[in-house]
Amino acid sequence: MKKQIPLIITFIAGMAMIIQYFIPHRPFSDIQQLFNTWFLIITVFAMILGLGNLLKLHTRRLQRRPSGWWYSIVLLIGFAIMFIAGMVWGIERGTPFDYLFWNVHLPMSSMMFALLAFFVASASYRAFRARTPEATLLLVSAILVMIGRVPLGNYIWDKLPLLGDWIMSYPNMAGQRAIMIGIALGVISTSLRIILGIERTYLVGK
Amino acid sequence: MNIIERLEKIDRRIIFILILLAVIIPLLLPIGFKIKVSEPVRIFYETIEELQPGSIVLISSEYDPSTMPEVYPMNQALARHCFAKNLKIIGMGLWPQGIPLNQASMEQAAEEYGKEYGVDYVNLGYKAGGIVVISAVSENIPTTFPQDYAGRSVEEFEVMEGVKNFDNIDLIVSLSAGDPGVRQWIMIAQGRYGKKVSGGVTAVSAPAFYPYLHAGQLRGLIGGMKGAAEYETLIKKSGTASRGMDAQSIAHGLIVLFIVLANVFFIIGKRKKA
């Protein structure tokens, strides 16, 4: 029964979702709404579970004191401050939570991402080499798009932006379509395998 | 070690300093490069222009502070454009950190155009669940978001009067830096309900949306800071994206120069070895 019941639930839920997508009328539209509500409730509980797990992991790190354990203190204090600020004063504009978001979280988060610019520049100098014909093609395309898509390209040669746009609109799009079609076929086949009970890896241990 | 080998193995701190200068100098001393508007951004702008005053635009913010330099200027320009055209905005988000950013954009634009919260715009906040939230919103917005981002009942807001589901939304704009984002809005709102969907994304993810754009499933696309600068040019309101274009141009130029030089040294080195 431990195997059959989950398989039946998966089959019914999967088929109901497929049918409601193509027939968005009663009773299938009601089923969709019901499933949506259930999903949203489960998602919130999953988030709570994730938070609990995060806190447990970092509390354990504090007890065991492996290398870099002090980062866990930062995480726990940061979590506690934001949690208390949000719960006590709310998250509206002008509240402590909002202040911390704009003046602590935002600059730190932006700074981490901005560092990428330096590493991209360094990596492009050290690793982007025309070693093979394919790599050369990629390199030339990258240069044309990089320069063609900033105003500087227009000053170098007024056809450069057009060339950049052409690369984006044709070779890029053809590649993207191929990837998307491949992914879609993969998703369909995997979903069908799960719904029909062929793929049972989610039943691990049963 | 000869000169070519030395140049090939240049200290990366020199590269870091050059990039720093390439970004800082144009920000302090603007060059004022002219910004040329691309077709995807023009379509985005025209889609907004086609809407009648009083139409409702749903802006979904799916980005966070790390991608703020690229997406936030789009959010600001979009809010300004909507209020300038007397359109109503319903804000929401599938990423929690996008909510205060969207709120700040709308508040700033509202102040400039004399618009009022609850009457001309509202922020419904964040709901966990990604694509399922879109599906739930498509059927019933007030049930999915009974309260706004600050916990006030949505029933008390004038802008929400008569807004039940996608039938009452004229345009959906997703400003996203990943998943869930524009792709999911296209899948549900456009694919299933035939709603008009426009998008603003980071430069690195823009290429992935060209198939949707060319298929007509996406009504315009703003890609990265360059796209945001183009949009600012179209609405005639210069913002942070336009100001950042000089720095981005020089930084791109420098990186391309690095790539070219590194390959020249690489080829010379290879020939010498041969």
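This is a predicted model: local features need pLDDT of at least 70, side-chain atom pairs count only at pLDDT 80 or more; totals for chains, interfaces and linings use all residues.
**Stop 1**

Select helix 3 and helix 4 (residues 96-127) of chain A. They pack at an angle of about 140 degrees, and their axes are 8 Å apart. Now show the side chains of the contact. Helix 3 of chain A supplies Ile81(A), Met82(A), Ala85(A), Gly86(A) and Trp89(A). Helix 4 of chain A supplies Pro96(A), Phe97(A) and Leu100(A). By type, the residues of this contact are seven nonpolar, one polar and no charged.

Keep helix 3 of chain A selected, residues 70-89. With 20 residues at 1.5 Å a residue, the helix should span 28 Å. Its end C-alpha atoms are 28 Å apart, which agrees. How many of the 20 residues of this helix are buried? The number is one, so helix 3 of chain A lies largely in the open. Step just past this helix to Gly90(A), which takes a positive phi of about 85 degrees.

**Stop 2: a cis bond in chain A**

Go to Pro27(A). It sits in the loop between helix 1 (4-22) and helix 2 (28-64) of chain A. The peptide bond joining Arg26(A) and Pro27(A) is cis, with omega about 5 degrees.

**Stop 3: chain B as a whole**

Select chain B. Its secondary structure comes to 11 helices and six strands. Along its principal axes, the C-alpha trace spans about 75 × 35 × 35 Å. Of the 274 residues of chain B, 54% count as buried. Among contacts in chain B with a separation of 6 or more, 73% join residues 24 or more positions apart.

**Stop 4: the nonpolar core**

Which residues have the most contacts inside the largest nonpolar core? They are Val57(B), Ile89(B) and Phe209(B), in a core of 98 residues. Helix 11 (residues 240-273) of chain B gives the largest share of this core, 11 residues.

Zoom in on Phe209(B). Neighbours within four places in sequence aside, Phe209(B) is in contact with Val182(B), Gly199(B), Val201(B), Leu218(B) and Leu221(B).

**Stop 5: where the chains meet**

Show both chains. The contact takes 49 residues from chain B and 49 residues from chain A. On the side of chain B, the elements that give two or more residues include helix 2 (12-28), helix 4 (68-84) and helix 5 (98-113). Helix 11 of chain B gives the largest share of that side, 13 residues. The residues on the side of chain B that touches chain A divide into 27 nonpolar, 13 polar and nine charged.

**Stop 6: loops of chain B**

Select Asn86(B), in the loop between helix 4 and strand 2 (88-93) of chain B. Its phi is near 60 degrees, a positive value in a residue other than glycine. Asn86(B) has 14 C-beta neighbours inside 10 Å, so it counts as partly exposed.

Move to Pro180(B), in the loop between strand 4 (171-176) and helix 8 (182-190) of chain B. The peptide bond from Asp179(B) to Pro180(B) is cis, with omega near -5 degrees.

Finish at Lys236(B), in the loop between helix 10 (224-235) and helix 11 of chain B. Lys236(B) is not a glycine, yet its phi is positive, about 60 degrees. Buried or exposed: which is Lys236(B)? With 8 C-beta neighbours inside 10 Å, Lys236(B) counts as exposed.

Terms used
Residues are numbered from 1 along each chain as its sequence is written. Chains are lettered from A and ligands numbered from 1 in the order in which they are written. Helices (H or I, at least four residues) and strands (E, at least two) are DSSP runs, numbered from the N terminus. The expected span of a helix is 1.5 Å times one less than its number of residues. A residue is buried if 20 or more other C-beta atoms lie within 10 Å of its own, exposed if 12 or fewer, and partly exposed in between; C-beta atoms are placed from the backbone. Two residues are in contact if their C-beta atoms, placed from the backbone, lie within 7 Å. A nonpolar core is a set of buried Ala, Val, Leu, Ile, Met, Phe, Trp, Tyr and Cys residues joined through C-beta atoms within 7 Å. Axes are lines fitted to C-alpha atoms, for helices over the stretch in contact, and angles run from 0 to 180 degrees between N-to-C directions. Ala, Val, Leu, Ile, Met, Phe, Trp, Tyr, Cys and Pro count as nonpolar, Asp, Glu, Lys and Arg as charged, and the others, Gly among them, as polar.
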